Amino acid sequence: MNKNVIFCYSGTGNCLDLAKNVAHGIGGADIVMIRSNPSVTDVSEAEKVGFVFPCYGGGAPADFLKYVKMIRVSPNAYTFGISQSSCYTGTGLSSLNSIIPLKYWKSVTHHCSCIWLFPHTVMLPMLSLEKAQARSETLAKDIAEEILSGKTIQKKPPRNLFNVVENKIWPALAGTRIAAFKVSDECIACGQCVKICPRKNIKIDNSRANIGKNCIQCLGCLQYCPKNAISIGRITDRREHYHNPNISAADLMQDVIHID
Ligand SMILES: Cc1cc2nc3c(=O)[nH]c(=O)nc-3n(C[C@H](O)[C@H](O)[C@H](O)COP(=O)(O)O)c2cc1C
């Protein structure tokens with residue numbers, strides 16, 4: 001393994017793109033995908049260990065923290081956490097910090113991938129896709145410089161009551177959307193959604209994708225479907241789909257991505 005390791009959860013590419021840019025900026029890293037059981041958990045030899053993940057419903061995505069608990073990090077390692085959201089940090093960094101104490105953390109925003117809640121253009125500050133992407137790349141450079149300089153942040157990541165409550169009720173709210181997933185006649189049974197799903201929750205039945213109930217809400221299947229055949233009710237048919245412009249479905253399917 002590289003002496004720098006970044007664990008990354010990403011549903012629609014924003015976090016993987018950010019993780020890759022930070023990895024380049026710190027002179028290379030192995031990016032271990034953590035959308036399902038991570039393929040590497042013992043990184044006790046690594047000098048820098050980072051976590052890049054989105055805010056889902058006011059906190060870390062389902063199961064992310066469960067996987068984090070499996071990871072072994074040296075007490076001497078420089079640890080960092082970066083949360084990406086469309087508007088606010090949520091409690092994810094705080095929860096991560098209580099499992100693996102973070103020497104450095106940062107929260108950044110990008111376009112929203114929760115298509116059933118908001119159009120993707122919803123973000124703070126409001127920016128076009130091109131400007132939001134350029135901003136994310138500049139922020140990644142700044143973050144990498146701070147990590148390289150060994151900057152530490154004494155203040156703990158935020159944990160406000162609203163986000164804690166929001167994150168507690170999130171599974172029930174998100175659960176109502178799982179039942180609403182539909183696959184249209186546009187489906188060509190290409191099988192990409194089967195491969196991208198971290199939960200192995202999608203099968204091809206009778207030449208059509210069939211989505212089961214074990215959904216983690218990453219929305220990779222919907223946002224990357226080449227035929228826009230997957231929807232969550234009529235509202236998502238009307239909305240423009242979004243995934244990070246630099247990250248392909250194949251990128252998200254990797255277990256470990258080596259960045260020199
Ligand atoms: C299911 C879901 C829930 C989300 N919840 C929040 C939220 O509570 N607050 C927020 O600011 N952004 C929220 N977002 C927006 C994401 O955090 C943001 O789009 C992030 O950049 C996505 O990263 P990814 O492309 O790596 O998956 C949510 C997105 C999804 C898909």
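The largest pocket, the place to begin, has a volume of about 480 Å³. A pocket is here an open set of points, on a 1 Å grid over the protein atoms alone, where a 1.4 Å probe fits, with protein on both sides within 12 Å along at least five of seven lines; a volume is the space filled by probe spheres set on the points. The model is predicted, so local features need pLDDT of at least 70 and side-chain atom pairs pLDDT 80 or more, while totals for chains, interfaces and linings use all residues. Residues are numbered from 1 along each chain as its sequence is written, and side-chain values use heavy atoms, without hydrogens and water.

Select next the lining of this pocket. The lining comprises 29 residues (each with an atom within 4 Å of a point), and Cys55, Tyr56, Ser86, Cys112 and Cys114 lie nearest the pocket's centre. By class, 14 lining residues are nonpolar, 14 polar and 1 charged.

Now display the ligand. The space that the ligand takes is the largest pocket.

Helices (H or I, at least four residues) and strands (E, at least two) are DSSP runs.

A backbone N or O atom of Cys55 lies 2.7 Å from a ligand oxygen atom; for Cys87 the corresponding distance is 2.8 Å, and for Gln84 it is 3.3 Å. Taken alone the ligand exposes 640 Å², of which the protein buries 98% (Shrake-Rupley method, 1.4 Å probe).

Two loops complete the tour. Select Pro125, in the loop between strand 7 (104-109) and helix 4 (129-148): the peptide bond from Leu124 to Pro125 is cis, with omega near -5°. Then select Asp63, in the loop between strand 4 (48-54) and helix 2 (64-68). Asp63 is not a glycine, yet its phi is positive, near 75°.

Notes: Polar contact = N/O pair within 3.5 Å; in protein donor to acceptor, adjacent residues only side chain to side chain. Sits in = over half its atoms within 2 Å of the grid points. Nonpolar A, V, L, I, M, F, W, Y, C, P; charged D, E, K, R; others polar.
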